[in-house]
Amino acid sequence: MGHFQRPGFHALQHLRQISLNYDAGIATVVSVDGRIETMRISIPQGVSGLVTHSTFLPLESRMEFVAAGRTLTMTIGTVHDRCKTPTVYLDQKDWIDFARWEKDSSLLPASKGEFFKVLAAAASDGHVAVPISSAHLSETSKRGGTSRIELASTILRYSRGWQMRSVLALRRAELRALFGGSPLTKDDVVTLSPNAVLDMKPGPPIAPDLSEELSGLLERQVWASVLTDLMIDSKPTPDSGKDTAARWAQSFQPLATSIAGNGKAKARLRELTRLRFITDLGSDLPAAANESGLTPEEFGEWLGGKAERDIAASPGLGRMREILHLRLSNAEERWESNDLNDWFHLSYAAAYCDLVVGEKKTINYLRRAPAPVQMGAKIHSRAEDALPDLQQLLESSQQRG
């Protein structure tokens, strides 16, 4: 590839595409002037047998994979890219419906199918971002066989590399903002940054001697390959967090029952639910306060006087706090292990995305959140009901741009 290189603002501006054929072990490099060079390559360790080809288009910052007979497209992006389009967050159940529609549109009612038809066209054209989250990764990994491949293919095709940053990282960022840190913006939440969907600290640069742009580009290529392998693997992954989530869910029933049968507890309901919410934050809350320079005495004063107000004004934390309060107010409420994923991800999606289609119970609680919680996304429990809002978002975006 040495004779292809020449000076320029982008180290790969002279290349049209770089294609890898994993089955044949051949790389093909095509320059913008039509020159072609092929070379033998070793099969990258960890690449799934389902991934047979990949093509990188440098001038479009786009990566295409052929896996299980399907072409999957991801936007690799640059270090400067930000999400400028409307953002639509789909719950896992709606991604499953999306995959059914893509396989055979007749499998869904026409009204629901129309939503996915409009969404698919908008996502494919880059007019909307449909980010993948850690909930989608964990839920998809529990599947195996053809159904997983079909679902993963749809998610990878239409998310196109966009991710919702790990909700644990988002929660920590909002906690820091309570004590003077920078508030989160949509750019922080919906991103192309490698590994953002995972709760991982950034690793060292892959190529520290290269420019920021090129080093970042290589990191995005590696991440695209890793994400494809994580999603497309046909073998189910054991649910390592199942027991933790189940214990979390079971811990609420005794408190809700004791509140319902105690008049004094009912009179102090918000105080009790706030205490439980703060307890659930674990060490992240005191760590954020300590990072800001608060003394233990000042932190105690904040807990007693300002915590309720400040948390309510925080887009994601405020929603989570209100959902917990509403659910603990009802002793008949049934808590399940998958409520943990819904509570976190739908709360943050509703706070920072433009449109959310999600699980009915959590969506209903989000609708009941009181006025102090900042307005965020349009929220729906059924895809067909979300179609008018999706169309309005697309029309407004086109008018602005």
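What is the relative accessibility of K142?

Modeller: K142 has a relative accessibility of 35% and therefore counts as partly exposed, a class that lies between buried (under 20% relative accessible area) and exposed (over 50%), computed with a 1.4 Å probe and protein chains only. The model is predicted: local features need pLDDT of at least 70, side-chain atom pairs count only at pLDDT 80 or more, and totals for chains, interfaces and linings use all residues. Residues are numbered from 1 along each chain as its sequence is written, and side-chain values use heavy atoms, with hydrogens and water left out.

The partner of K142 is E139, and their side chains form a salt bridge with an N to O distance of 3.1 Å; the term requires a side-chain nitrogen of Lys or Arg within 4 Å of a carboxyl oxygen of Asp or Glu. E139 is likewise partly exposed, at 25%. Side chains of opposite charge can pair when their charged atoms come close.

Since E102 belongs to helix α1 (residues 92-103) and R157 to helix α4 (residues 145-159), the pair ties together parts that are 55 residues apart in sequence; helices here are DSSP runs of H or I with at least four residues, numbered from the N terminus. E102 is partly exposed at 28% relative accessibility, and R157 at 22%.

A further salt bridge links E336 with R334 at 3.4 Å, N to O. Here the two partners fall into separate classes: E336 is partly exposed at 30%, whereas R334 is exposed at 62%. Shared partners also connect R270, R274, E308, R321 and E322 into one network of salt bridges.

The whole structure contains 0 disulfides, a disulfide being a pair of cysteine sulfur atoms within 2.5 Å. C83 takes part in none, and its nearest cysteine sulfur, that of C353, is 8.4 Å away. That distance is too far for a bond. C83 counts as buried at 6% relative accessibility, and C353 is buried at 3%.

Note on methods
Helices (H or I, at least four residues) and strands (E, at least two) are DSSP runs, numbered from the N terminus.
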